[in-house]
Amino acid sequence: MTSKGDTAPLCNPPGVIALDANGADGGPAMVAEGARLSGESVTLFGPAEELSGVHVVDAPMRISGDQEPVRAVRARPEASIVQAAKAVAEGRADALVSAGSTGPTLAAATLNVKRIRGVHRPALAALLPLPSGPALLLDAGANVEVRPEHLVQFAYMGSAFMESVHGIARPRVGLLSVGEEPGKGTPDVIAAGERLRASNLNFTGNVEGFDLPAGGADVVVTDGFTGNVALKVMEGTSRTVREAIRDAVRAGGPLPAAGGLLIRGAVGRLRRQLDPEAAGGAILLGLRKPVIVAHGSFGAQGIANAVALARRAVDERMVERTHAALEAGGALRSAPAGSVADR
């Protein structure tokens, strides 16, 4: 079924996920296949002529990453990501998923879905697929500059996410810095550390860069600039090492090739475990509804995993539990009680 983007509000069944079909490297049809694979109730926002077999709102316009996000979102209400975000804000969908450019997704979600009352800034939280289990890194790019109170809120939001969505009781929270000693780091990091040590979180102190892949904490808190660089260094290193091992096996002659065959099953299982698509993408924490930012390179299964992550966040009442954690910890800005639903 197809609806024009400028028609009256759709009467979607409860539990629908709004999925932006534009922007993914594989194109709208691939995103639609991911929606089908998810098995969830999904409304696709994208070019109807390229989509079939799912509920579609015809929204062919997309906002590219080279445009100023906030200005473009405000100027183009007919764009697919804007219409999808409005559907969530208006209660026609429970959560938003997009594999389009991160900037427009963040802008559309923040302007329409809006922050939880009392939250300074939303944070982009990326799940790191590690051998020891997933760890959450935030902020991964939404806020280049932050203050201590922002880092403290990130810690509460990340802890609530890992507890509610991933079932980790009392997640270990670490603060990314240049040394494990409390006095190491920038003045803002040191100040945030002092507040976190006095909080009711399971704060384990500072963590260094090499603690990230080792799983030294369940939640790693940092500013968006540092977090984005750290995330891309980890992804690039993983890819380079994987390709180097593959090339060494191929170039080593019959004996290494035979050894490669013997361990192929174990290596394949490890590769699937560490595959970023398995995590479903990053999640924008601090908003009034779940918003998932999938990577543009994801295939259909990665899109399906992103939709499943959104559904899990809704079912586990992630937003409500995040607000409760922030409120209990005294980490909210001055705000009236029950403000999660305030508009």
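Biologist: Which residues of E7 point one way, and which the other way?

Modeller: This is a predicted model. In a regular strand the side chains alternate between the two faces of the sheet. In E7, Leu136 and Leu138 point one way, and all four residues named here are buried. Pointing the other way are Ala135 and Leu137.

Biologist: In the hairpin of E6 and E7, which residue takes a positive phi?

Modeller: The hairpin has 6 residues between its strands. The phi in question is near 120°. The residue is Gly133.

Biologist: Which peptide bond is cis, and what is its omega?

Modeller: Look at the end of E7. Asp139 sits in the loop between strand E7 (135-138) and helix H5 (148-164). The bond from Leu138 to Asp139 is the cis one, with omega near 10°.

Biologist: Are the faces of strand E5 covered or open, and which residues show it?

Modeller: Both faces of E5 (residues 95-98) are covered. Ala95 and Val97 are buried on one side.

Biologist: How many residues of H3 are buried?

Modeller: H3 is mostly covered. Its buried residues include Ser80, Ile81, Val82 and Gln83. Ala84, Ala85, Ala87 and Val88 are also on the list.

Biologist: What covers the buried residues of H3?

Modeller: Strands contribute, including E2, strand E3 (42-46), strand E4 (55-58) and E5. Helices do too. Among them are helix H2 (69-75) and helix H4 (102-113).

Biologist: Just after H3, which residue takes a positive phi?

Modeller: Phi there is about 85°. The residue is a glycine, Gly91.

Biologist: Why does Arg92 count as buried, and with which side chain does Arg92 make a polar contact?

Modeller: Arg92 lies in the loop between helix H3 (80-89) and E5. Its relative accessibility is 17%, and buried means under 20%, so Arg92 counts as buried. The side chain of Arg92 makes a polar contact at 2.8 Å with the side chain of Glu90.

Biologist: What is the phi of Arg170, and what is its relative accessible area?

Modeller: Arg170 is found in the loop between H5 and strand E8 (172-176). Phi is near 50°, a positive value in a residue other than glycine. Arg170 is partly exposed, at a relative accessible area of 48%.

Biologist: Where is Arg317 found, and what is its relative accessible area?

Modeller: Arg317 is in the loop between helix H12 (300-315) and helix H13 (318-328). Its phi is also positive, near 55°, and Arg317 is a residue other than glycine. Arg317 is partly exposed, with a relative accessible area of 47%.

Definitions and conventions
Residues are numbered from 1 along each chain as its sequence is written. This is a predicted model: local features need pLDDT of at least 70, side-chain atom pairs count only at pLDDT 80 or more; totals for chains, interfaces and linings use all residues. Side-chain values use heavy atoms; hydrogens and water are left out. Helices (H or I, at least four residues) and strands (E, at least two) are DSSP runs, numbered from the N terminus. Buried means under 20% relative accessible area, exposed over 50%, partly exposed in between (1.4 Å probe, protein chains only). A polar contact is a pair of N or O atoms within 3.5 Å; within protein, one must be able to donate a hydrogen and the other to accept it, and residues adjacent in sequence count only if both atoms are side-chain atoms. Two strands pair if DSSP finds at least two bridges between them. Contact means heavy atoms within 4.5 Å.
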